[in-house]
Amino acid sequence: MANSWKMSQHGTKKRKLDRSTEDYMYFDSYSDVTIHEEMIADTVRTNTYRMGIFKNRARKVYAVEASSIADQAVRIVKLNQMEDRIEVIKATLETIELTEQVDVIVSEWMGYALLHESMLNSVIFARDKWLKPGGLILPSRADLYIAPINDLVVEGRLNFWSTVKGQYGVDMSCMTDFARKCIMNKDITVNPVTVEDVLSHPCKFAELDLNTVTLEQLRDVRGVFSCECFGSSSIHAFCVWFTVTFPAEEKALVLSTSPFKPETHWKQAVLYLDDAVDVMQDTKVEGEISLYPSEENSRHICIRMDYVIGEQKKHSKTFSIPDQYLEVK
């Protein structure tokens, strides 16, 4: 199939990648140590998985890894004298052949805003082909949340241009609108959000049951939200985060990327408005949000929002992951 081209939001042409190129770029991004250091050092992530696995032990583990880091996994297994329990398979989930079905599937598939990288598709494939009836998927559920936020850093950057004249004698206040367009753009910005900047209670807008979710449903994960602001402030953006839940006999384990919880390497996905909107106590914020794969690369996520703040008219904006995040999670 011939490659097709589309105009990006910045006016340059982007090539639609074929699936083999998408997969090569994705798996190659995991061949360097940096990303693995970041993930293992994320104690919230790693300890939650550790506890979830310990609560659901298995006699035999098939460790499937398509990137070259599989070679290092073999060395780690040997170093820990687990060769009789863990078999590392260097391949994609879609191409492996096992001699038996499995009792449990464990996968850390989550990307920025949960769905960036589209690894959940492979988990669904493995579930449908290899999981025994009544088997477990760890984690078994994912929930998506949204809340409006204030961003004092952005506010300061925009106000900066009005201070230049006092410092240097040159009026550069006309740069403010240009700066706003550059900063409050259509990128999905991955940043940690502080609790103090969140302007409402979290609003859950989508839930995925990994036991039943289908590939068709992942093509457009959408939901509605409605919340009320805590007090007088300015909304600069919305932030999106997720939780995943591990089933347990007593108390379920929850891995949260909420700004109200300890920071993880996923941080939060920040979606900037075109302009800040002033709000008061109990100002209503409502809308609809949709997450779907990019047309240029199906492993990359796009987010569309339709929202109303207070008495303002409805606004719509579509966001995508910028280039600096395309090869990391």
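Reader: To start with the overall make-up, how many helices and strands does the protein have?

Author: This is a predicted model, and in it the protein has nine helices and 16 strands.

Reader: And what share of the residues counts as buried?

Author: Of the 329 residues, 44% count as buried. The protein exposes about 17,900 Å², with carbon and sulfur atoms supplying 53% of that area.

Reader: What part of the contacts comes from residues 24 or more positions apart?

Author: Among contacts with a separation of 6 or more, residues 24 or more positions apart account for 77%.

Reader: Let's turn to helices α6 and α8; at what angle do they pack?

Author: Helix α6, residues 152-160, and helix α8, residues 175-183, pack at an angle of about 150°, and their axes are 8 Å apart. Angles over 145 degrees count as roughly antiparallel, and α6 and α8 are therefore roughly antiparallel to each other.

Reader: Which residues make that contact?

Author: On the α6 side they are Val154, Arg157 and Leu158, while α8 contributes Thr176, Ala179, Arg180 and Ile183.

Reader: Changing topic, how many aromatic pairs does the structure hold?

Author: The structure holds six aromatic pairs.

Reader: Is Phe160 buried or partly exposed?

Author: Phe160 counts as partly exposed, because its relative accessibility is 40%.

Reader: What about Phe225 and Phe238, how are those rings arranged?

Author: Phe225 and Phe238 also form an edge-to-face pair, with 5.6 Å between the centres and 65° between the planes. This pair links distant parts of the chain, since Phe225 belongs to strand β10 (residues 221-228) and Phe238 to strand β11 (residues 233-246), with the two residues 13 apart.

Reader: Why does Phe225 count as buried, and why does Phe238?

Author: The cut-off for buried is under 20% relative accessible area. Phe225 counts as buried because its relative accessibility is 3%, and Phe238 counts as buried because its value is 1%.

Reader: Which residues form a cluster with those rings?

Author: Phe225, Phe238 and Tyr307 form one aromatic cluster.

Reader: Now the backbone: which residues are joined by a cis peptide bond?

Author: Most residues other than glycine have a negative phi, and most peptide bonds are trans. Here a cis peptide bond joins Leu138 and Pro139, with omega at about -5°. Pro139 is placed in the loop between β6 (131-138) and β7 (141-149).

Reader: Where is Ser118, and what is its phi?

Author: Ser118 sits in the loop between β5 (102-106) and α5 (120-130), and its phi is near 55°, a positive value in a residue other than glycine. With a relative accessibility of 12%, Ser118 counts as buried.

Reader: Then Lys267, what is its phi, and is it buried or partly exposed?

Author: Lys267 has a positive phi of about 55° although it is not a glycine. This lysine lies in the loop between β12 (253-256) and β13 (268-279), and Lys267 counts as partly exposed because its relative accessibility is 21%.

Conventions
Residues numbered from 1 in each chain as written. Predicted model: local features only at pLDDT ≥ 70, side-chain atom pairs only at ≥ 80, totals over all residues. Heavy atoms only, no water. Axes fitted to C-alpha atoms, helices over the stretch in contact; angles between N-to-C directions. Helix = DSSP H or I, 4+ residues; strand = E, 2+ residues; numbered from the N terminus. Parallel < 35°, antiparallel > 145°, perpendicular 65-115°, else oblique. Contact = heavy atoms within 4.5 Å. Buried < 20%, exposed > 50% of the residue type's maximum accessible area, 1.4 Å probe, protein only. Areas by Shrake-Rupley, 256 points an atom, 1.4 Å probe, with all protein chains shown as cover. Phe/Tyr/Trp six-rings, centres within 6.5 Å; stacked < 30°, edge-to-face > 60°.
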